[in-house]
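Work through the exercises below with the model open beside you, and try each task before reading its solution.

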Amino acid sequence: MAAHRKPRQRSAGGNTARTATTIALAGAATATGFAGTGHAEPDLTPAQVKAKVDKLYQEAEVATEKYNGAKEKADAAEERLKTLRDEAARKTDKLNSARDALGSMAAAQYRDGGLDPALQLALSSDPDRYLDGAEFVERAGTRQAASVASVRQQLREIEQLRGAAHIELASLKSRQAELKRHKKTITGKLDAARRLMAQLPDEERAGDVQRASRTSGAGTARDALAPTPSGAVSAPNSRTSAAISYAYSKLGSPYVWGATGPDAFDCSGLTQAAYRSAGISLPRTTYAQIDTGQRVSRSELMPGDLVFFYSAISHVGLYIGNGQMIHAPNPSAPVRIAPIDEMPFAGATRVV
C-alpha cells in the first residue's frame, strides 16, 4: 500500500515558478469561461494572453452597456417614484383641507338644524330675510354635495397614485438587482483580465503602455481644444465640430466603466458627453445610440458620425475622418485615436 501512496506525497514547495504561472493562467481562464473543463491549460504565449484579455474586455464592455441601460431605467423609475410621491402628498394636503371644510360645514348645520324650516319661517321677525337665507342654505347644500363628491374623487386619485408608486418601487428594486448582477459580471471580467495581464513579462506590459501613449495623443491634445489630424476632412457643421473638439480635449482621459466625464469615460459615456457639449442629447447606451439619427454606410462616413463595433453593438467611437476615430477603449488604455479597422465594424449613425 505504501508504494501506491508514495507518488501522491508531494510537497507544495516542490512546484516550480513555471508550474505556478501555468496554474494561475488556467485558473483565470477557467473562472471566466474560456476553458470548457477544469483542467489546466498549457503555458500561454504573450499573444494568447493578450487575445484572452481583449476578449475579457469586450465581454466586460457588453456587461457595462447592460449596466448603463439598467441604470438609466433605474434612474427614470426613481424619478417617477419621487414625482408620484410628491403628487400624492400634495393631493393628501388638499384632501385634508377639503375634509376640514366639510367638517366645519357639518358642525354649522348641526348647530342650526334644531328648528323645522317652516317653524323658523313662522317665528322669523323678517320672513323675507329668512327666505333669502333658505335659498342660501339650499345653495350651500349643493356646494356641500359637490364638496363630498370632490373628496371622494380625491381619495380615488390618491389611491391610484399610491398604486402607481408601488409599481414604480417594484420596478426600481428590480433594476437595482439587475445593476448588482451586471456590476458583478463587470468586476469579475476585469479582475480576470488583470490577473492574466500580470502573467505577461514586464517588457510586454511596458510595450502596451507605450503604444497606448503614442496613439492617445496625450500631452499635445490638451494644448488646443480642437486640433485636427493631418489630412482629416473638416466637420460638416458646427455641432459635430464641437463634439469632435470635446473628444480631442479628452484624449488621455482614463477609461472607467459607467463614467460619463468630465474626467473619465466609458465608450458610450464619451460619445454622449461629446454631443452633450454640442447641445445634443444622446441615449446612454451603445445599442440605443445606434438608433439615434440617420444610419450611414461605412463608405459614407463623415467626421462626427458614431461608429459601432461587435455584433452585440457593445462599443462606440466618434469618427474623425481618414478611417480614424476617438474612443475610450478599455481599462488598459486611455481615450485615444485609433483606426476603425481595429475592431469588427457593426454600423454607423449620423447624429446631426
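A crossing is left-handed if the near helix is turned anticlockwise from the far one by less than a right angle, and right-handed if clockwise. The model is predicted, so that local features need pLDDT of at least 70 and side-chain atom pairs count only at pLDDT 80 or more, while totals for chains, interfaces and linings use all residues. Residues are numbered from 1 along each chain as its sequence is written, and side-chain values use heavy atoms, with hydrogens and water left out.

**Exercise 1.** Describe how H7 and H8 pack.

Step 1. Helices (H or I, at least four residues) and strands (E, at least two) are DSSP runs, numbered from the N terminus; here H7 covers residues 238-249 and H8 covers residues 267-276.

Step 2. Their axes lie 7 Å apart at an angle of about 130 degrees, which makes H7 oblique to H8. Axes are lines fitted to C-alpha atoms, for helices over the stretch in contact, and angles run from 0 to 180 degrees between N-to-C directions; under 35 degrees counts as roughly parallel, over 145 as roughly antiparallel, 65 to 115 as roughly perpendicular and the rest as oblique.

Step 3. The crossing of H7 and H8 is right-handed.

Step 4. With contact meaning heavy atoms within 4.5 Å, Arg239, Thr240, Ala243 and Tyr246 of H7 meet Ala273, Ala274 and Tyr275 of H8.

**Exercise 2.** Which residues does the cis peptide bond join, and where is proline 262 placed?

Step 1. The bond joins glycine 261 to proline 262, with omega of about 5 degrees.

Step 2. Proline 262 sits in the loop between H7 and H8, the two helices whose crossing is right-handed.

**Exercise 3.** Locate tyrosine 310 and state its phi.

Step 1. Tyrosine 310 lies in the loop between strand E2 (306-309) and strand E3 (315-321).

Step 2. Although tyrosine 310 is not a glycine, its phi is positive, at about 70 degrees.
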